[in-house]
Amino acid sequence: MNEAMTVSGAPVTVPARPPLVCRLRPKAVASRRGPVPHMGEVELENHSTLPLEIEYTMTPLQFLELVVRGPGGVVSEGHFSDRFSPTREPAVLRLLPGEKFTSDVALLATVPRDKRQPGTYTVQAAYRFQGVRVPAEPLTVELPGEP
Amino acid sequence: MAHDGPRTSGTTAEGAGPDSIFRWETLREVGPLTLPYQQPVSGKVFAVELVAGATVEVFRPDDGLFYFCHGLTFGGKHAPGGPVSPFSGRNVRTILDNHYRRVEPESAAAPGDILVWRGLDEDTPHSAILTGPAVRAGEKHLDFSTLVQTKNGRLPEAEMTLERLTGDEFLYGDSLTVFRREETGRVLS
């Protein structure tokens, strides 16, 4: 039931809480070849009381959207999943109630190199689950100018 | 540091010629499949025997044009009748087990070798053809400036540096392995 009662007893409709929560935060990532700039971490948390299953054939992140806005507007192109290759058999990510899945993500992955100019960028991540777009809080990335 | 030796084109017709790892005459349709990109790619799954005897499943698009990374890397791009791409994971591992050997250390890699990335579980989320290996003196790993021919998902095929593939643009990470084609696979044909 998506209703709460007021003190007077009149029903008040409240929005349904999405079963999945998506978070995006910056993360320092180092590869064996050194630090990787502009990296972050996506976290998916099961906020429901039931197990959630995400079926995928590329990566659990194939349902992630990364829209990036720069000084002149949206600079991201395409969809985050465009860069992956599929498996034949689907895999399932199963999250128990309260359980979290995290994965590193390149915050500017959808921004072509020739569109990366010095400035402030806002990264809006959202995860599409069960037909619903679940947005994360936007994140800001600073691209410094050439030294 | 220098790029090592002559660069191959990365787009040779290996997949169609006598050096193919596939026995194209065994190609048989399994069923329809639509790849779940935001702009879905419709096509069919086929099974095809490798020269070494094992069978793998591949994707052939209805448009006769689309292929993804493993189609480029293993020569399915040049299949008779239109490009095919082996699926990531089990199918790619079957190809590697039957026709390739690991190159260690990475610094011994040569143009024409391939790079295969590891993912969750047994997945092989990406592969590419080495075109311009570069190694710093005293290092055992390929340098960021190494060049590869790559087809990143449904994005256009291009030559790019390892830095772009392992860094903040394509994020395949550095869990990669270099493989070299086994000559024995050709003898069996």
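Helices (H or I, at least four residues) and strands (E, at least two) in these legends are DSSP runs, numbered from the N terminus. This is a predicted model, in which local features need pLDDT of at least 70 and side-chain atom pairs count only at pLDDT 80 or more, while totals for chains, interfaces and linings use all residues. Residues are numbered from 1 along each chain as its sequence is written, and chains are lettered from A and ligands numbered from 1 in the order in which they are written.

**View 1**
Most residues other than glycine have a negative phi. Here a residue is buried if 20 or more other C-beta atoms, placed from the backbone, lie within 10 Å of its own, exposed if 12 or fewer, and partly exposed in between. His38(A) is buried, because 21 other C-beta atoms lie within 10 Å.

**View 2. An open, antiparallel sheet of three strands in chain A.**
The strand order is β3-β6-β11, where two strands pair if DSSP finds at least two bridges between them. β3 (20–26) and β11 (100–106) stand at the edges with a single partner strand each, so one side of each lacks a neighbour in the sheet. Neighbouring strands are turned by 20° against each other on average, direction ignored; the axes are lines fitted to C-alpha atoms, and angles run from 0 to 180 degrees between N-to-C directions. Seven bridges join β6 (residues 39–46) to β11(A), and Val42(A) has Ser103(A) as its bridge partner there.

**View 3. Strand β7 (residues 114–117) of chain B, covered on both faces.**
Ile114(B) and Val116(B) are buried on one side, Leu115(B) and Trp117(B) on the other. β7(B) pairs in the antiparallel sense with β8 (residues 126–132) over four bridges, and Ile114(B) has Ile129(B) as its bridge partner in β8(B). Four bridges also join β7(B) to β12 (residues 176–181), again antiparallel, with Val116(B) opposite Thr177(B). The loop between β6 (100–102) and β7 of chain B holds Pro105(B), which a cis peptide bond with omega of about -10° joins to Glu104(B).

**View 4. Phe68(B), in the loop between β4 (55–61) and α1 (69–73) of chain B.**
Phe68(B) counts as buried because it has 32 C-beta neighbours inside 10 Å. Two residues are in contact if their C-beta atoms, placed from the backbone, lie within 7 Å. Leaving aside neighbours within four places in sequence, Phe68(B) is in contact with Ser85(A), Ser85(B), Lys151(B), Gly153(B) and Arg154(B).

**View 5. Helix α2 (residues 90–99) of chain B and its buried residues.**
Which residues of α2 are buried? They are Asn91(B), Val92(B), Ile95(B) and His99(B). Seen down the axis of α2(B), these buried residues fall within an arc of 100°, so they line one face of the helix; the arc is that of the directions from the helix axis to the C-beta atoms.
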